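Subject: Structure for your review

Dear colleague,

Please find below the structure that I am handing over to you. I would be grateful if you would look through it with the notes that follow.

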Amino acid sequence: MDTEHGRRANLSLPQEPSSVPALEVLAVPPQEESSGRLSKSASSPPQYTWLTVLKKEQEFLGVTQILIGMICLCFGTVVCSVLDISHIEGDIFSSFKAGYPFWGAIFFSISGMLSILSERRNATYLARGSLGANTASSIAGATGITILIVNLKKSSAYIHIHSCQKYFGTEKCFMASFSAEMVVMMLFLTILGLGSALSLTIYGAGEELKGNKVPDDRVYEELNIYSAIYSELED
């Protein structure tokens, strides 16, 4: 009996803390873990693609198109108001007779203005209008380049046939040389306008495809719903 009382007394005594510190396992709440992942993803540098670069330069490309249209319009107005191109032989002003400096300027100006408005207001109808206008400007620019190259070939052939390099003082040779210089400048501007229109067309098409793309979370959610419905039907 004494031994049992002694054992009970020993058990009832408070135990002294051990000198070895116990290791505590700290459980990280799921919210803190997810916030840590978000902070890591936020601290990672952004990925630059062609769409992000074109988005930053959208207004600049629009202004470039407007300037190109205004310069081509000025060239066409000066040539058609000063010279009587309908009575000049050799079709050295064929691009001006086709009216490219005027309708090309209209296409580039409209697409440039819509691109600027789409970048500033960020509206869906403006983005789609800018995409359509830049597509039309791309087609008009490619057509204009073809017309200008044909005009430049005719002017060069006229200069070569009439030996304008030797007899530059004649009026016809002066007209042919003046036409070639104007066509070369408009050809350079048209190539720049075509590059701007194509860049904005690529950007608009990429944004349109990006907007129509279904997110991955939505796809997984729909798959889970379908699998749950299928399992209930089986039961």
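Leaving aside its neighbours within four places in sequence, Leu73 is in contact with Pro101, Phe102 and Ala105. Please bear in mind throughout that this is a predicted model. Leu73 belongs to helix H4, which covers residues 58-82.

The packing of the helices comes next. How are H4 and H6 arranged relative to each other? Their axes lie 7 Å apart, and the angle between them is about 160 degrees. Since angles over 145 degrees count as roughly antiparallel, H4 is therefore roughly antiparallel to H6. The crossing in which H4 passes H6 is left-handed.

Helix H6 also packs against helix H7, which is made up of residues 124-161. Here the angle is about 155 degrees and the axes are 8 Å apart. This angle, too, makes H6 roughly antiparallel to H7. H6 passes H7 in a left-handed crossing.

Within H6, which spans residues 100-121, I would draw your attention to Ser111. Is Ser111 buried or exposed? Its relative accessible area is 0%, so Ser111 is buried. A polar atom of the Ser111 side chain lies 3.0 Å from the backbone oxygen of Phe107. Apart from neighbours within four places in sequence, the residues in contact with Ser111 are Gln65, Ala133, Asn134 and Ser137.

Finally, a word on the cysteines. How many disulfides does the model contain? The count comes to zero. For Cys74, the nearest cysteine sulfur is that of Cys72, at a distance of 9.3 Å. A disulfide requires two cysteine sulfur atoms within 2.5 Å, which is why Cys74 is in no disulfide. As to accessibility, Cys74 is partly exposed, with a relative value of 45%. Cys80 is likewise partly exposed, and its relative accessible area is 33%.

With kind regards

Terms used: Residues are numbered from 1 along each chain as its sequence is written. This is a predicted model: local features need pLDDT of at least 70, side-chain atom pairs count only at pLDDT 80 or more; totals for chains, interfaces and linings use all residues. Side-chain values use heavy atoms; hydrogens and water are left out. Buried means under 20% relative accessible area, exposed over 50%, partly exposed in between (1.4 Å probe, protein chains only). Helices (H or I, at least four residues) and strands (E, at least two) are DSSP runs, numbered from the N terminus. A polar contact is a pair of N or O atoms within 3.5 Å; within protein, one must be able to donate a hydrogen and the other to accept it, and residues adjacent in sequence count only if both atoms are side-chain atoms. Contact means heavy atoms within 4.5 Å. Axes are lines fitted to C-alpha atoms, for helices over the stretch in contact, and angles run from 0 to 180 degrees between N-to-C directions. Angles under 35 degrees count as roughly parallel, over 145 as roughly antiparallel, 65 to 115 as roughly perpendicular and the rest as oblique. A crossing is left-handed if the near helix is turned anticlockwise from the far one by less than a right angle, and right-handed if clockwise.
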